[in-house]
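Hi everyone, thanks for coming. I'd like to walk you through one chain and then stop at a couple of residues.

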Amino acid sequence: MHVLVTGVKSHLISYQVPVFLTGIFYMKGKIMKKLISILLVITSAISLVLFTASCGKKQEQGTLRVGMECAYAPYNWTQPTNANGAVPIKDSQDFAYGYDVMMAQKIADELGMKLEIVKLAWDSLVPAVQSGTIDCAIAGQSITKERSASVDFTEPYYYATIVTLVKKGNKYDKAQNLDDLKGASAISQINTIWYDKCVPQIPSVKKLPAMEETAQMLVALNSGKCDVVVTDLPTGKAALIAYPDFVMTDFAKVEGSTFQVSDEDVNIGISIKKGNKELVDKINGVLKKMTPEDYNKMMDEAIKVQPLSK
């Protein structure tokens with residue numbers, strides 16, 4: 001491209017001497033008009049070359065840096081291959097996939113950007129968004145007042161439902177409401193609405209230390225280290241595939257007491273650095289084209305291929 005432009009410039013220089021001399025001897029008449037026409041043609045040619053070069057050059061894609069745990073199936077998880085459309089994890093030989101990755105890829109595609117997945121611990125997500133280490137976190141975060149004080153959120157990209165998991169054979173496996181779980185030992189994941197607000201609502205609960213990752217709390221339940229796990233519906237569905245001996249109950253569908261939460265507690269959003277209205281608006285523009293049915297369909301697809309199902 002540079003050679004073409006240089007070539008044109010060199011060609012232009014070859015005209016400069018004749019033009020200069022001609023300007024001395026022929027300042028009037030038809031020759032002057034002809035020279036002006038030649039110069040206009042040359043100038044137009046140069047402009048055309050430069051315009052074509054500009055249009056032909058492929059614009060570099062921006063990168064959307066998305067943070068997530070890569071350990072929260074079916075929202076996100078780590079796998080060794082790019083099966084099903086998994087995306088490489090930055091600074092890793094592994095790949096990330098799940099509902100959050102599917103959503104991140106859709107958003108990146110719609111915005112004409114390249115997707116980069118950054119694997120972070122759950123507690124590191126908000127600080128990473130605040131510092132600009134990542135552009136956003138798509139990680140199953142509830143849109144709570146506490147989080148909203150630190151980061152901005154998009155409209156919900158999923159609507160969660162609270163459920164409980166118990167193991168068949170323990171005294172709580174027939175529970176139909178919170179009162180039936182009275183005295184149970186319960187856990188959930190650290191810094192989640194499930195652990196901070198829902199577990200304490202179980203009467204006389206024995207609240208055990210929170211777990212860093214979803215897989216840990218499921219192992220704890222399976223091994224008998226706790227009686228109950230409180231989580232959301234997608235996580236519960238995924239757990240039932242890996243642990244057929246688990247029983248899942250959605251108290252909202254039965255008579256009696258249930259967990260008391262607000263919409264903000266169960267609406268799942270994408271967190272973005274405070275004040276970055278441009279990115280919030282762009283992502284909301286993508287989400288507005290989707291429906292809760294679209295979200296549920298994507299989540300069901302993620303559940304089908306998540307690692308716990310194998």
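So, the overview: there are 11 helices and 14 strands in this chain, where helices (H or I, at least four residues) and strands (E, at least two) are DSSP runs numbered from the N terminus. Please keep in mind that this is a predicted model, in which local features need pLDDT of at least 70 and side-chain atom pairs count only at pLDDT 80 or more, while totals for chains, interfaces and linings use all residues. Residues are numbered from 1 along each chain as its sequence is written, and side-chain values use heavy atoms, with hydrogens and water left out.

Of the 310 residues, 43% are buried, meaning under 20% relative accessible area, with exposed over 50% and partly exposed in between (1.4 Å probe, protein chains only). The accessible surface is about 16300 Å², with 56% belonging to carbon and sulfur atoms; that area comes from the Shrake-Rupley method with a 1.4 Å probe. Taking contacts (heavy atoms within 4.5 Å) between residues at least 6 apart in sequence, 70% join residues at least 24 apart.

Now, our first stop. Thr-249 sits in strand β13, residues 246-249, and counts as buried because its relative accessibility is 13%. Beyond neighbours within four places in sequence, Thr-249 contacts Val-163, Thr-164 and Ala-175.

And then Val-261, in the loop between β13 and α9 (263-266). Is Val-261 buried or partly exposed? With a relative accessible area of 31%, Val-261 is partly exposed. Setting aside residues up to four places away in sequence, Val-261 touches Ile-162, Cys-198 and Val-266. Val-261 and Ile-162 are 99 residues apart along the chain, with 9.1 Å between their C-alpha atoms.
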